[in-house]
Amino acid sequence: MANIHKSITELVGHTPLVELTNFNRNNNLKATLIGKLEYFNPSGSIKDRAALNMIEKAEAEGKLKPGGTIVESTSGNTGISLAAFAAARGYHLHIFMEPGCTPERVQILKAYGTTVQYYKDIPGFDEIIAKYGFDKERIIAAMQKFCDDNGYYYTSQLTNDANWQAHIKSTGPEIVEDTDGQVDYAVMLAGTAGTLTGVGLYLKEHIPGVKIIGVQPNLESMYKPGEDRDTIDGVVHFDNDGKVTHPFLVKNHFQCDEVIDVDGTETYATARELAESDGIFAGASAAAAVLAAKKVALRPENEGKRIVVILPDDGTKYLSTRMYGADI
Ligand code: PMP
């Protein structure tokens, strides 16, 4: 029977779980690492889930009209997801980029017909920085005003419940279904913490005893403008008690069972190892999550346990970084 989809929006989710068989064996891991390969989403990352859910919620609420303009600030993947779906549904997308994005991301956005600007281009941004420093709540308010003044729709992924709810709707249930509920740990990083909140809440409700591990780059591996280091961008740090630091973030402020720090240089080495061992070409946060999961899997008490690791995207958007080496 023919099986032809009408739009890429129909292809979001149902990403595969795959055991990191060779990596597990080569590292003598006590527990089994299983990757959830989010690069199988139609625009190549986990953010397809949140982006589509935010667009569909805005459409349902009548806030996004045919031919309308969507606005977001993003370091990359959310923008790319919104760009693909805006194209497929006939909207225009206007993105304000955070500093530190790789040039590939800008190229991809432009390929989808997106208007790309930077934070400094947000009307009022310079005044906010001069008076209050990098105050995200004021920046969000400035973005909202820009949209209200122009009749645009601001998806506001940091404050939009449709972000984390996307993972209650799809990512969490997929993990439970594809493992028959046999999961001991789930490991991931946080950008908006939409994934962590949605997956964390869903798994905690459906799998007794499951532990949720948050991962963060160590201080040296956080992106800072002008520094040439092995960094992991687009992600945030947790508070000491395992909550994410954004004060206005997803409302549940999901609390992790444990937070693991990873080093950027070790993360890049893990990415190269995984590509060679299992043919999995991971992005930076994906490799960081695998590295943290490896640390958990080496603990003697975790013999025979099962660890699901979220791999948010693949390595193509990191080719201009030092991750996969510049030599060709
Ligand atoms: N990894 C990558 C590569 C991302 O682009 C993002 C989103 N910025 C995340 C992880 C974190 O996802 P979330 O926003 O759901 O926390």
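User: What does a side-chain oxygen of D263 reach at the start of α9?
Analyst: This is a predicted model. In it, that D263 oxygen comes to within 3.1 Å of the backbone nitrogen of T265.

User: And where does α9 run, and how many residues has it?
Analyst: Helix α9 covers residues 264–278, which is 15 residues. From its first C-alpha to its last it reaches 21 Å. That is close to the 21 Å expected at 1.5 Å a residue.

User: What follows α9?
Analyst: G279 does. Its phi is positive, near 70°.

User: Which residues of α9 are buried?
Analyst: G264, T267, Y268, T270, A271, L274 and S277.

User: What covers them?
Analyst: The cover includes two helices, α1 (21–26) and α10 (284–297). It also includes the strands β9 (258–262) and β10 (306–311).

User: New topic. How many salt bridges does the structure hold?
Analyst: It holds 14.

User: Pick one. What does K36 pair with?
Analyst: K36 forms a salt bridge with E174. The closest N and O atoms are 2.7 Å apart.

User: Why does that pair tie together parts that are apart in sequence?
Analyst: Because K36 lies in strand β2 (residues 32–37) and E174 lies in helix α7 (residues 161–179). Those parts are 138 residues apart in sequence.

User: Is K36 buried or exposed? What about E174?
Analyst: K36 has 0% relative accessibility, so it counts as buried. E174 is at 9%, so E174 counts as buried too. The cut-off for buried is under 20%.

User: Which residues are linked in a network with K36?
Analyst: E38, R49 and E174 are linked with K36 in a network of salt bridges.

User: Back to β9. What does E258 meet in a salt bridge?
Analyst: The side chain of E258 meets that of R299, at 2.7 Å from N to O. E258 is in strand β9, while R299 is in the loop between α10 and β10. The two are 41 residues apart, so the pair links distant parts of the chain.

User: How accessible are E258 and R299?
Analyst: E258 is partly exposed, with a relative accessible area of 25%. R299 is partly exposed as well, at 24%.

User: One last pair. What does E56 meet?
Analyst: E56 meets R89 in a salt bridge, 2.9 Å from N to O. E56 sits in helix α2 (residues 47–60) and R89 in helix α3 (residues 77–89), 33 residues apart. E56 counts as partly exposed at 33% relative accessibility. R89, at 29%, also counts as partly exposed.

Key:
Residues numbered from 1 in each chain as written. Predicted model: local features only at pLDDT ≥ 70, side-chain atom pairs only at ≥ 80, totals over all residues. Heavy atoms only, no water. Helix = DSSP H or I, 4+ residues; strand = E, 2+ residues; numbered from the N terminus. Expected span 1.5 Å × (residues − 1). Buried < 20%, exposed > 50% of the residue type's maximum accessible area, 1.4 Å probe, protein only. Contact = heavy atoms within 4.5 Å. Polar contact = N/O pair within 3.5 Å; in protein donor to acceptor, adjacent residues only side chain to side chain. Salt bridge = Lys/Arg side-chain N within 4 Å of Asp/Glu carboxyl O.
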